[in-house]
Amino acid sequence: MIEVFFGVSIGVVLVAVAVIWWRLERNAFIITHALETSSNEVKHSMDSATLPEIPTLEDFREEIQDIIQDTIGSMRTPQMADHLGAILQQWAQVKMHKEMAALQEAGKMIQNSPIGEAVDEMMS
């Protein structure tokens, strides 16, 4: 009985391998045909196509000069409002720095306290 089951199993495996091999060959043929067709289409379209004109270095140089002229031409001298804004920004940064330093010191004090140590022990 086991010999029959073993023989049938081998037969099923061989049929499955044959079907997989047949599918691979069929798909390889389909892909090869599609690649040949598309390469022929590209070859025919390239025959009638014209290449775009490549700009020279002189054209690039002129374009960059125009961009630089536009950028520099649109710049203006700083006004009083610009200077006042810079002063206000500097003051805000100094104030924020002092507040953050105070918060950092408070955090160190809390961390070194018994409550902070207890929280550290619970977290680890």
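The model is predicted: local features need pLDDT of at least 70, side-chain atom pairs count only at pLDDT 80 or more, and totals for chains, interfaces and linings use all residues. Residues are numbered from 1 along each chain as its sequence is written, and side-chain values use heavy atoms, with hydrogens and water left out. The chain has four helices and zero strands, and buried residues make up 1% of its 124 residues.

**Fold and confidence**

- Along the sequence the pattern is α-α-α-α; helices (H or I, at least four residues) and strands (E, at least two) are DSSP runs, numbered from the N terminus.
- The mean pLDDT (the predictor's confidence in each residue, from 0 to 100) of the chain is 86, and 86% of the residues reach 70 or more.
- Confidence is highest in α2, at a mean of 91, and lowest in helix α4 (residues 114–123), at a mean of 67.

**Exposure**

- Buried means under 20% relative accessible area, exposed over 50%, and partly exposed in between (1.4 Å probe, protein chains only).

**Salt bridges**

- There are two salt bridges in the structure, each defined as a side-chain nitrogen of Lys or Arg within 4 Å of a carboxyl oxygen of Asp or Glu.
- One joins the side chains of R61 and E58 at 2.6 Å, N to O; the two residues are three apart in helix α2 and so are separated by about one helical turn.
- R61 counts as partly exposed because its relative accessibility is 43%, and E58 is also partly exposed, at 39%.
- The other joins the side chains of D82 and R76 at 3.1 Å, N to O.
- D82 is partly exposed at 33% relative accessibility, whereas R76 is exposed, with a relative accessible area of 56%.

**Surface patches**

- Patches are made of residues with over 30% relative accessible area and no salt bridge; like charges are joined within 9 Å, and nonpolar side chains (Val, Leu, Ile, Met, Phe, Trp, Tyr) within 5 Å.
- I64, I68, I72 and M75 make a nonpolar surface patch of about 420 Å², and I64 lies in helix α2 (residues 57–73).
- E53, D59, E62, E63, D66 and D70 form a negative surface patch.
- For charges, Lys and Arg count as positive and Asp and Glu as negative, while His and the chain ends are not counted; the place of a charge is NZ of Lys, CZ of Arg, CG of Asp or CD of Glu.
- E63 is found in helix α2 and is partly exposed, at 47% relative accessibility.

Notes
Areas by Shrake-Rupley, 256 points an atom, 1.4 Å probe, with all protein chains shown as cover.
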